[in-house]
Amino acid sequence: MKSWWYKLSLHNKLQIPLQLMLLLVLVAAQIWGMKEFKNDMYQDVEESAFSNATQAFLGLNSMMLTGNISQPELRAIYFKKMANQGDVKDFYLVRGHSLQEQFGAGLAEEQPRDELDRKAILTNEVQIQHITTDKPAFRMVVPFAATHDFHGTDCLQCHQARDGEVIGAVSITISLQEKYDELYKMRIVFSLGQILLQILLFFFIAFLIRKAIATVINLEKTILSINVDGDFSRRVGIESDDEVGHIARVFNTFLQRMSELKQDLSDKVTALEMYRDGSEQEQRVAARYMNKLIAVDKLKDPAVQFYLKPAENFSGDLIAMARTPDNRLHLLLADSTGHGLSAALAAMPMIHPFYSMTSKGFTTSTIAKEINKKVWESLPVSHFVAAIIVSIDAVSHMVEVWSGGCPPPFLLNSEGECEYQFKPRHLAMGILPPEQFDASVEYYSYEGGGKSLVMFSDGVIELENGDREQFGLARLLQVVHVSDMRVRWERTIQAIEQYCGAKSSGNDDIALMMVQCESGESFTKRKVNSELPGQEQIEGNAVWQFVLTLTMQQIKKLDVVPLLLDIVQQIEKDKERGSEIFMVLSEMFNNALDHGVLKLDSTLKHHEDGMEKYFEERSIRLANTETGYVQLNLKKIVNTDGSAFLRIRVTDSGDGFDFRQVSDKVATNTQRYGRGIALLYHVCHKVEFSHGGSEILVEFDLPDVVDKSVLPRVSWNAGEGI
């Protein structure tokens, strides 16, 4: 019912209740009118019957005065005439008790016929009966009492009765058939009139309703048309000046405003489309430019697999990889604040320091310091970059990790089980100023092959599926638990993609790297000339010479080896053998510093977690040692036959060591220490120890000199001497 009413038009919602109300009113009026007419009819019949009864009794009174009443046949004729007049259906006289005692019982038709006659005689009250069976009629029994003045006649002169005693009654029955016929006709006329009136009122009210709601209908048509074609230039036709007309005027004003807004919106949409096209073009250019900045072409290394998935067009996660001159693998994974272009730009200051310093052989700690300085100086206070910087040395089987703000990486064994998880030691880049920044790294020494390092941003473990459940570290460890490295990588990427589901991207940028921890080849001892001091040799001319003496004050501040390599390459302009020179300088300097100046014991490396303890002790002694020095002497010599070599002499302030014993053991290359000396024997054609091991001299072959003429000697002493 409710749904049916809601579906009706406004016209019908007004018309139906009005017509029902009119119908009820007209029917009620008809019923009331017919009832009043019937009451009037009964009242008229009652008055007529009473008048006829009274006239009849007066006629009998006249017959009594003339003496004719004593003749029964005259009374019978009188009764017959009275019964045949008009609508009178029956007429008779009923004798009272006193009259019967005085004059006798009288005619048979003068006797009481029913209880109504007897009751009238007994009570002296008019009795009325409505006859509805067969043909409708009205019967009235009117009693008459003897009085001294009955319409001017003293009844007690002739009747032997008490004053007020009923002496007789007149029963008159009047037919109502004609009255009822008239009433029926009147009901038909009223009904037809009501129907006609209802029809006339239906059309009249419909006309009034249409006039009243014409503006509303126009409003509806206008709205429907606008809904179809979106034309806000349409206006509502106003048919009246009432409240509905006022609403229509307000709506027309609204349409005018909407038309203006639509035009304004259309202009803005056109401008936005132009802006979008320009923005997309700018983003394409920016993407190409950023690919150049992040050196996408350099993201190639056989030991590294990586996966990047931005949450938006640009990724705030960044990865980089490069090799140092001594072939150590450096890795960078960064996760800047936020998403999109702003986050991607925030990571840009990290790219150049990483690649340039890695190419020069700087350590992980030094690179972390420089990157933090760049981020601190470049980004606003509210922005920072979480990062992981890793160095993997395949020769020494050493992994160095600086981790700040990112989930710490973990190392897998050959079966894909987590062998070691690094610790989250530091805050993200850009939070602390350079003077408060902690660049200490964590070391882990691995043994055997098949190891791999997994690095990832928080977007991996915080990735959510359709039920808003996070991927989590436990799930990641479960996914990578497979021995085959290729299957391990494919399985990991597939798990991430499936977890995203239908989403084109995750909740955050995703960066993932899986790095194979290589094992360097053991060195084969080359035949070298390890002459003792004092033996004379004939050599060519020195082309250039560089001497640098560093005290502990400078050693604590500088990453020395990259500095020396840069000087050599600036002079030589030849990077063909730069990696080997770097390895030689690195091993000679670190050996002089660690075992000469700091007096570290290499046997620490043989214990469990020995490498970590060794570097921890190194950091402590480096911070606490105030005296000592390391002197480096580099000289390029060209022989008469055009061959050239680099002579490097490193002297430290330490007590030296038993170099003969170490030289005999390094050939086997089975211990964790002494590999640096083995490297020198492998790369250099001459290795010489002196001063009890506190001085070492090596000669390293360089490309032949084309011009074999004697070149001028250049000497530069960059130290003060000790």
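The structure is a predicted model, in which local features need pLDDT of at least 70 and side-chain atom pairs count only at pLDDT 80 or more, while totals for chains, interfaces and linings use all residues. Residues are numbered from 1 along each chain as its sequence is written, and side-chain values use heavy atoms, with hydrogens and water left out.

The surface is a handy place to start. A nonpolar patch of about 750 Å² is built from Trp4, Trp5, Tyr6, Ile16, Leu20, Leu23, Val27 and Ile31. Two elements give two or more residues to this nonpolar patch: helix H1 (2-7) and helix H2. H2 supplies the largest share, five residues. (Helices are DSSP runs of H or I with at least four residues, strands are runs of E with at least two, and both are numbered from the N terminus.) To join a patch, a residue needs over 30% relative accessible area and no salt bridge; like charges are then joined within 9 Å, and nonpolar side chains (Val, Leu, Ile, Met, Phe, Trp, Tyr) within 5 Å. The areas themselves come from the Shrake-Rupley method with a 1.4 Å probe, and for residues only the protein chains shown count as cover. Val27, one of the patch residues, is found in helix H2 and is partly exposed, since its relative accessible area is 33%. (Buried means under 20% relative accessible area, exposed means over 50%, and partly exposed is anything in between, with a 1.4 Å probe and protein chains only.)

There is also a patch of negative charge on the surface, where Glu36, Asp40, Asp44, Glu46 and Glu47 gather. Here Lys and Arg count as positive and Asp and Glu as negative, with His and the chain ends not counted; each charge is placed at NZ of Lys, CZ of Arg, CG of Asp or CD of Glu. Asp44 sits in helix H2, which covers residues 10-66, and counts as partly exposed because its relative accessibility is 44%.

Next come the charged pairs. The structure holds 26 salt bridges, each being a side-chain nitrogen of Lys or Arg within 4 Å of a carboxyl oxygen of Asp or Glu. One of them pairs Asp264 with Lys268, with the closest N and O atoms 3.4 Å apart. These two residues are four apart in helix H7 (residues 243-293), so about one helical turn separates them. Both ends are partly exposed: Asp264 has 34% relative accessibility, and Lys268 has 48%. Glu490 is partly exposed at 42%, whereas Arg486 is exposed at 52%. Elsewhere, salt bridges that share partners tie Arg647, Lys686, Glu688 and Glu699 into one network.

Another bridge reaches across the chain. Lys309 and Glu497 form a salt bridge whose closest N and O atoms are 3.3 Å apart. This pair links distant parts of the chain, 188 residues apart, with Lys309 in strand S5 (residues 304-309) and Glu497 in helix H13 (residues 485-500). Lys309 is buried because its relative accessible area is 11%, while Glu497, at 34%, is partly exposed.

A polar contact of 2.9 Å joins the side chains of Thr549 and Gln631. (A polar contact is a pair of N or O atoms within 3.5 Å; within protein, one must be able to donate a hydrogen and the other to accept it, and residues adjacent in sequence count only if both atoms are side-chain atoms.)

Finally, the loops. Most residues other than glycine have a negative phi. Asn327, though not a glycine, has a positive phi of about 70°; its loop runs between strand S6 (317-323) and strand S7 (329-336). Lys599 is not a glycine either, yet has a positive phi of about 55°, and is placed in the loop between helix H16 (578-597) and helix H17 (610-624). Asn327 is partly exposed at 48%, and Lys599 is partly exposed at 46%.
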